[in-house]
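Here is a short briefing on one protein model. Look over the sequence and the fold, then read the points by topic.

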Amino acid sequence: MTALVEPLFARSTRGRISSSPLLADVNGDGWPEIFVGGDRLHGLSWDGVPMPRWPRRGQLPFASSPAFGDIQGDGRGEVVVGCDDGGIYAFHADGDPVAGWPQATDADVFSTPALADLDGDGASEIVVGSDDGCVRALRGDGSTMWTAPIPGRPFVSASPTVAAFDGDGRPGVAVGAWDRGLHAWAADGTGHRRIGAAGHVVWSSAASVNLEDRGGHLVWAADRVHVTSAGPRVASQWPRATDSWIVSSPAVAELRSGEGPSIVVGSERLYTWDVRGRLRSGWPVDVGDFVWSSPIAFDLDGDGAREVLVGSWDGGIHALRPDGRPVPGFPLRTGGPIFSTPAAAPLPRGGGLLVAASWDGSIRGWTLPRARFRPGDWAQFRGAADRRGAQPERFAGIEPDAAPEPEASGGFALEGARIEDWNGLRRVVLSGSNLEAARRLELVYEIAGEGRRHPVPFVNSRGRFVALVQPLRIPRILRFHVEAEGAGEPPVRWPSAGAVRTWTGGGRLRGVLPRPRTATDPA
């Protein structure tokens, strides 16, 4: 029997990678090319060989994931990506910058651009968020179509979703932000409204699903997984809880023919629900460690059903059948924890290509001899190369809503925190009891001289609650404290007053934390 997966290439870069690979036939030769952000924007042929005139540089690394679409209306298509230097870059397939690019924002661009035709002129606009607290829509020549500041100017790390979710059949734009809100606009940037609220910052990017009897809905996640619409009809059985805050962006796909869409998202485990909020049989599944990566879904083995693939902090690419059973030959191992989403695409001679990138700076590819692809697949980050987050299939109506899930109850206690080095990052590890019962569990830190608060939720990594501190290129003073609250309970803080002061950055960690103490005082 033909193997399900065969190694193809492994290539090292000079930097860390949190950017998700893009697979797209950008030069029209029938084969998918590979683009991955990191220290530079790397462009590889399908078999991992660097393409002429690639990689391309920004002034700082690319943490954003590249997108591909026809932004000039000439039928060819361009690669668009955000950069840590605050710029939005656009390149032709041969690596030449597109005229009018890059365009600057006022802060780093972690958000992944979504490419969609907002005005019906045949060319895709670029819709992207920035940590300056704005969402922008730009034309292919670099000119601004509209800029939408979010009140309070929270970070916008998520990628915008462009889909018809308002019930009028016209595309709208929706994106989550660090103010714990899900925000929406019409395609022309007007009519801002906050259509959802979460208990934590919204880092995850929303997906859209269209149900015949209920119209378009948005699937999004933060402290819990939500399914909602911008109109009056909201799925009352949602949200659903996991045992951790969620970074993973939901995928929406029908795993088995006739069963309707499944909503798949990573957390401390990998979860799969139907649209009524019922866990699919065999789920959730432990995939080694916390799942920051977003899942993808396509027919890996040619049996007609879609398998789910996802990366994990354990450095593995895991593959699960629709009933949650592991696929033989997986997990595939990489050289470091995986923050980005793997990508798959068909090959012109049959089968498919699978590409994954990991934090150690490596990009790996495998061939999938038995893979089959069809409309409705969710084959890479945000579903497809345009990164719009839209499931193209329209699904039949659903039965009346199930009962909403009750709020978690039960007390929790904070006891202290410590800093540890982990894969080139600094992370804060909490000690306490019943921490999974907390509705909000955040590390709040400030970098000396910056003047901004960074609220970073703790995630459940193998039973330990950890928060990652952004990598700093030079040693800097950090001041931080921990905030937490439960359902119907007053917030608590550790330390109860002031903040922990420590050094972190390009060298070894310097500074000592106080001994753990109980945090029971109101903030």
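This is a predicted model: local features need pLDDT of at least 70, side-chain atom pairs count only at pLDDT 80 or more; totals for chains, interfaces and linings use all residues.

The protein has zero helices and 40 strands. Its radius of gyration is 22 Å, close to the 24 Å from the globule rule for 523 residues, so the protein is as compact as a globular protein of that length.

**Overall fold**

- Along the principal axes, the C-alpha atoms fill a box of roughly 60 × 55 × 55 Å.
- Of the 523 residues, 61% are buried.
- Among contacts with a separation of 6 or more, 56% are between residues 24 or more positions apart.

**An open sheet of five strands**

- The strand order is β20-β19-β18-β17-β31, with mixed pairing.
- β20 (240–241) and β31 (390–395) are the edge strands. Each has a single partner, so one side of each is left without a neighbour in the sheet.
- β17 (residues 207–211) and β31 run parallel and are joined by three bridges.
- Asn210 stands opposite Arg394 in β31.

**A hairpin**

- β11 (residues 134–138) and β12 (residues 144–149) run antiparallel, with five bridges between them.
- Ala137 stands opposite Trp146 in β12.
- Five residues separate the two strands of this hairpin. Gly142, in the turn, has a positive phi of about 90 degrees.

**Nonpolar cores**

- In soluble globular proteins, nonpolar side chains tend to be buried together.
- The largest nonpolar core here holds 30 residues. Val219, Val225, Ile263, Leu270 and Trp273 have the most contacts inside it.
- Two or more residues of this core come from each of β17, β18 (215–221), β19 (224–228), β21 (251–253), β22 (262–266), β23 (270–274) and β25 (307–311).
- Beyond four places in sequence, Val225 touches residues including Val219, Trp220, Trp238, Ile263 and Trp273.
- A second, separate core has 29 residues, among them Ala184, Ile195, Trp422 and Leu425.

**Aromatic rings**

- A search of the whole structure gives 21 aromatic pairs.
- Trp203 and Trp245 form a tilted pair, with 6.0 Å centre to centre and 50 degrees between the planes.
- Trp203 is in the loop between β16 (193–197) and β17, and Trp245 is in the loop between β20 and β21. The pair links distant parts of the chain, 42 residues apart.
- Both Trp203 and Trp245 are buried.
- The ring centres of Phe339 and Trp422 lie 6.3 Å apart, with planes at 85 degrees, so this pair is edge-to-face.
- Phe339 sits in the loop between β27 (332–333) and β28 (343–346), whereas Trp422 belongs to strand β32 (residues 413–422). These two are 83 residues apart.
- Phe339 and Trp422 are both buried.
- One aromatic cluster includes Trp203, Trp245, Phe339 and Trp422, along with Phe110, Phe155 and Trp178.

**Arg427**

- Is Arg427 buried or exposed? Its relative accessible area is 5%, under the 20% cut-off, so Arg427 is buried.
- Arg427 lies in strand β33 (residues 425–433).
- Its side chain makes a polar contact with the side chain of Glu420, at 2.7 Å.
- Leaving aside neighbours within four places in sequence, Arg427 is in contact with Trp313, Arg418, Ile419, Glu420, Trp422, Ser461, Arg464, Val466, Ala467 and Leu468.
- Of these contacts, Trp313 and Trp422 are also members of the aromatic cluster.

Terms used:
Residues are numbered from 1 along each chain as its sequence is written. Side-chain values use heavy atoms; hydrogens and water are left out. Two strands pair if DSSP finds at least two bridges between them. Helices (H or I, at least four residues) and strands (E, at least two) are DSSP runs, numbered from the N terminus. A nonpolar core is a set of buried Ala, Val, Leu, Ile, Met, Phe, Trp, Tyr and Cys residues joined through side-chain atoms within 4.5 Å. Buried means under 20% relative accessible area, exposed over 50%, partly exposed in between (1.4 Å probe, protein chains only). Contact means heavy atoms within 4.5 Å. Rings of Phe, Tyr and Trp (its six-membered ring) pair if their centres lie within 6.5 Å; planes under 30 degrees apart count as stacked, over 60 as edge-to-face and the rest as tilted. A polar contact is a pair of N or O atoms within 3.5 Å; within protein, one must be able to donate a hydrogen and the other to accept it, and residues adjacent in sequence count only if both atoms are side-chain atoms. The radius of gyration is taken over C-alpha atoms; the globule rule is 2.2 Å times the number of residues to the power 0.38.
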